[in-house]
Amino acid sequence: MAVSVILSLVGASLIYTSFMIYRRLFLSPISSFPGPKLAAATFCTNSNRRDRWLWQARGFGIPASTLGTVPHALHRHRRNAISPFFLMHNVRKPLPVVEERVETFIRRLKACGEKGEIISLEYAFSAFSNDVVMQYCFGRSDHHIEAPGFDSVYHNISFNAAKSIATLKHLNWILDIMQALPESVAKKMGPEVSSNIQLKNERIAQIEEIRQGGPEKTNEITKTIFHTLLQSDLPTSEKETSRLAEEAVLIVGAGTHTTSWCLTVSTFHLLSNPTLLMRLKAELISAHPDPFTKPSLHELEKLPFLIAVLKEGLRLDYGGTVRNARIAPDTSLKCGDWAIPPGTPVSMTIPLVHHDERIFPNPDKFDPDRWLQADSGRLDKYLVSFSRGSRACVGVNLAWAELYLCTAGVFRHFGSPGAKGDDDVGILELFETDVTDVALVSDMFFPVAKEGSKGVRAKVVL
Ligand code: HEM
């Protein structure tokens, strides 16, 4: 009797295991992807697999994008398709696009100065980073920098979409309903959710335009991300318009808000602290005495104070404030004495690390000098604004290039009331803005300052 029970259990377990192996190898939606079949069949040979947590990821509203992809293998596949565009040498090739946008940005600031305008630095930097990332993606931008008020429409729509993430992870069915409705009806149901639909529909139109033979070559970008993806030998399902539109929503959104908020936070702190700004200006002037020559990225990457300012900007900009859980599906993780069982969602938040007093004493203070000490190298591993691991920011090289070129460009030409250079064209004077307009109060995926903040504003004076 006992023997027959054991035999039955062994038999059942063999049937179950065979079915699972067959399912993984032949029925799974990712079964055609390249990779070792043993790993696909057993899930055992790769202990670095990191899935996203479905419950959380669905809140992003872009499940077919790299960010929204839950299974490790599919994520690797999608990420491998876009990551070559963001490798250091590929970011440098089209760098003239960033340089051109920086020059236009400075000209625009001068034009604002001629009218004594008060500008939103958040909208201004958002216009800059959005113009850049649109060129990388589609070979054209909306020229937000030149637009009246830096055209805040994209910024607001996209920010509203980010705000909806917290709600949508609980009530994901809302998105399905909204997506089935015409955009005009969805718009009436509130900006947070309708923004998702609007963003995706815009990108669908752009992907379709490229598919129909839209401009392939503009400026120095010979092949944009989406021209290349559409012409690649990716499986047809990966090149469907709807899937690529979600990838575009991700890349344009991720490439706009994070970079612009970092520029806004650093600029706020520099304008509030003339001593720091003067030190930065002195370094920029000494590296580039002639304001009419363009500093190269390579030269800027060697300026210690500029690097320290940007690292401190990244520390207090956080990148994202949301918990982005990872799941190790087949490995037990160790955290101190704890063993975390396979399949458990695990997360941390970037602000918790960046405000840890043991690592960054007096953490609320914008203090570039903390990066300039003899032993400051030990801090680098705690600067996690771009996250870490297999799902960390893919755009890190482009982000750094933008931060260097834009910050150096603006502060080589502009000062503040207490920090002026001899050949400056003007100053940026903070207008009804204080530290509470940049300090983190709530997590809307991105960091958000106090309720009712009118943002970081500055008057441009020539
Ligand atoms: C200061 C600038 C930036 C910061 C601080 C930043 C931060 C981050 C962070 C924290 C993540 C990981 C989210 C997670 O943990 O799941 C991420 C992912 C990502 N970022 Fe960035 N980012 C920046 C700029 C950019 C730029 C310029 C681009 C592209 C144009 C970009 C594209 C992406 C993409 C595509 C992902 C998803 C990667 C994946 O899921 O594998 N980011 N970013």
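Which residue in strand 11 is the bridge partner of I118? In this predicted model, the bridge partner of I118 in strand 11 is K459, and the views below begin with that pairing.

**View 1. Strand 11 pairs with strand 2 and with strand 8.** Strand 2, made up of residues 118–120, runs antiparallel to strand 11, residues 457–461, and the two are joined by three bridges. Strand 8, residues 426–430, also pairs with strand 11 in the antiparallel sense, in this case over four bridges.

**View 2. C393 is the protein donor to the iron atom of the ligand.** The SG atom of C393 lies at 2.3 Å from the iron, and C393 is the only protein donor of that iron atom. An unreviewed UniProt entry places the feature "binding site" at C393. This cysteine sits in the loop between helix 18 (350–354) and helix 19 (396–413), and, when neighbours within four places in sequence are left aside, C393 is in contact with R79 and F386.

**View 3. The largest nonpolar core contains 104 residues.** Among the members of this core, V98, F105, F128, F138, I225, F226 and L229 touch the most other members. Helix 14, residues 241–272, gives the most to this core, contributing 13 residues. In general, nonpolar side chains tend to be buried together in soluble globular proteins. For L229, and not counting residues up to four places away in sequence, the residues touched are A81, I82, F85, L234, K239 and L244. Another core lies apart from the largest one and consists of five residues, including L168, M178, A186 and I197.

View 4. Helix 7 (residues 121–138) has 18 residues and reaches 25 Å from its first C-alpha to its last, which is close to the 26 Å expected at 1.5 Å a residue. Because 17 of its 18 residues are buried, helix 7 is largely enclosed by the rest of the structure. Just after helix 7, G139 takes a positive phi of about 80 degrees. Helix 17, residues 304–317, has 14 residues and reaches 20 Å between its first and last C-alpha, close to the expected 20 Å, and 13 of its 14 residues are buried. Just after helix 17, Y318 takes a positive phi of about 70 degrees.

**View 5. N156 belongs to helix 8.** Helix 8, in which N156 is found, covers residues 153–163. N156 is partly exposed, with a relative accessible area of 32%. Along the chain N156 and S332 are 176 residues apart, and in the model their C-alpha atoms are separated by 41 Å.

How values were computed:
Residues are numbered from 1 along each chain as its sequence is written. Side-chain values use heavy atoms; hydrogens and water are left out. A nonpolar core is a set of buried Ala, Val, Leu, Ile, Met, Phe, Trp, Tyr and Cys residues joined through side-chain atoms within 4.5 Å. Buried means under 20% relative accessible area, exposed over 50%, partly exposed in between (1.4 Å probe, protein chains only). Contact means heavy atoms within 4.5 Å. UniProt positions are given in the numbering used here, feature names are shortened, and annotations may be inferred rather than shown by experiment. Donors are N, O and S atoms within 2.8 Å of the metal (3.2 Å for Na, K and Ca); water is not among the atoms, so sites may look incomplete. The expected span of a helix is 1.5 Å times one less than its number of residues. Two strands pair if DSSP finds at least two bridges between them.
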